[in-house]
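Please keep the sequence and the 3D view open while reading.

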Amino acid sequence: MQPIVYTSFTSPFGRSVRVCLYERGIEHQVIPSTREQRRVPEHLARHPFAKVPVLEHDDLSIYETQAILRYVADVFPGDPLVQVSRV
Ligand SMILES: N[C@@H](CCC(=O)N[C@@H](CS)C(=O)NCC(=O)O)C(=O)O
């Protein structure tokens with residue numbers, strides 16, 4: 001199943017998720033979420049703090065950007081998304 005990203009188009013957190021999916025070459029569906037839509041029970045079941053982004057993939061639903069980015073990096077193979085340089 002194609003991942004689904006619930007986000008708002010102005011969200012820098014949502015953009016991070018989309019950039020990582022893009023870097024991995026993963027097609028995904030974006031569902032824009034307004035402030036009002038984030039407060040309905042369906043969204044609160046996805047994100048208890050009524051925020052975005054949320055990633056749904058297969059039977060998994062993940063919130064918190066760092067957790068989503070780690071999931072994307074782990075599940076979709078590719079080059080490292082983070083490079084640590086030591087000087
Ligand atoms: N700690 C969260 C922060 C997410 C967050 O603050 N998202 C903002 C959009 S950039 C949001 O949903 N704000 C809506 C609100 O607070 O009503 C994460 O890292 O994903």
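The paragraphs below take up the ligand site, the backbone around it, the aromatic contacts and a few positions elsewhere in the chain.

The coordinates belong to a predicted model, and every value that follows is computed from it.

**The ligand site**

Which residues are around the ligand? The shell is made up of Ser-11, Pro-12, Phe-13, Arg-35, Arg-38, Arg-39, Lys-51, Val-52, Pro-53, Glu-64 and Thr-65. Sorted by class, this shell has 5 charged, 4 nonpolar and 2 polar residues.

| Residue and atom type | Ligand atom | Distance |
|---|---|---|
| Lys-51, polar side-chain atom | oxygen | 3.0 Å |
| Val-52, backbone N or O atom | nitrogen | 2.8 Å |
| Glu-64, side-chain N or O atom | nitrogen | 2.9 Å |

Taken on its own, the ligand has 510 Å² of accessible area, and the protein covers 75% of this area.

Ser-11, one of the residues around the ligand, is found in the loop between strand S1 (4–7) and helix H1 (12–24). With a relative accessible area of 9%, Ser-11 is buried, and its side chain reaches the backbone nitrogen of Gly-14 at a distance of 2.9 Å.

**Backbone geometry around the site**

Most peptide bonds are trans, and most residues other than glycine have a negative phi.

The peptide bond that runs from Val-52 to Pro-53 is cis, with omega near 10°. Both Val-52 and Pro-53 are among the residues around the ligand, and Pro-53 lies in the loop between H2 and S3.

Ala-50 is placed in the loop between H2 and S3 as well, and its phi is near 60°, which is a positive value in a residue other than glycine. Is Ala-50 buried or exposed? Ala-50 has a relative accessible area of 11%, and so it counts as buried.

Glu-64 also has a positive phi, of about 80°, although it is not a glycine. Its place is in the loop between S4 and helix H3 (65–75), and with a relative accessible area of 45% Glu-64 is partly exposed.

**Aromatic contacts**

A pair of aromatic rings is described by the distance of the centres and the angle of the planes. The structure holds 1 aromatic pair, formed by Phe-49 and Tyr-63, with 6.2 Å from centre to centre and 90° between the planes, an edge-to-face arrangement. Why does this pair tie together parts that are 14 residues apart in sequence? Phe-49 lies in the loop between helix H2 (41–46) and strand S3 (54–57), whereas Tyr-63 lies in strand S4 (residues 60–63), and the pair therefore links these two parts. Phe-49 counts as exposed because its relative accessibility is 55%, while Tyr-63, at 30% relative accessibility, counts as partly exposed.

A ring also takes part in a contact with a charge: the charged end of Arg-46 sits over the ring of Tyr-6, at 3.9 Å from the ring centre.

**Other positions**

Helix H2 holds Pro-41 and Glu-42. Pro-41 is exposed, with a relative accessible area of 63%, and Glu-42 is exposed too, with a relative accessible area of 52%. From C-alpha to C-alpha, Pro-41 and Tyr-71 are 25 Å apart in space and 30 residues apart in sequence. For Glu-42 and Leu-55, which are 13 residues apart along the chain, the C-alpha atoms are separated by 14 Å.

His-28 has its place in the loop between H1 and strand S2 (29–32), and at 18% relative accessibility this residue counts as buried.

Conventions. Residues are numbered from 1 along each chain as its sequence is written. This is a predicted model: local features need pLDDT of at least 70, side-chain atom pairs count only at pLDDT 80 or more; totals for chains, interfaces and linings use all residues. Side-chain values use heavy atoms; hydrogens and water are left out. A residue is near a molecule or strand if one of its heavy atoms lies within 4 Å of it. A polar contact is a pair of N or O atoms within 3.5 Å; within protein, one must be able to donate a hydrogen and the other to accept it, and residues adjacent in sequence count only if both atoms are side-chain atoms. Accessible areas come from the Shrake-Rupley method with a 1.4 Å probe; for residues, only the protein chains shown count as cover. Ala, Val, Leu, Ile, Met, Phe, Trp, Tyr, Cys and Pro count as nonpolar, Asp, Glu, Lys and Arg as charged, and the others, Gly among them, as polar. Rings of Phe, Tyr and Trp (its six-membered ring) pair if their centres lie within 6.5 Å; planes under 30 degrees apart count as stacked, over 60 as edge-to-face and the rest as tilted. Helices (H or I, at least four residues) and strands (E, at least two) are DSSP runs, numbered from the N terminus. Buried means under 20% relative accessible area, exposed over 50%, partly exposed in between (1.4 Å probe, protein chains only). A charge sits over a ring if NZ of Lys or CZ of Arg is within 6 Å of the ring centre and within 35 degrees of the ring normal.
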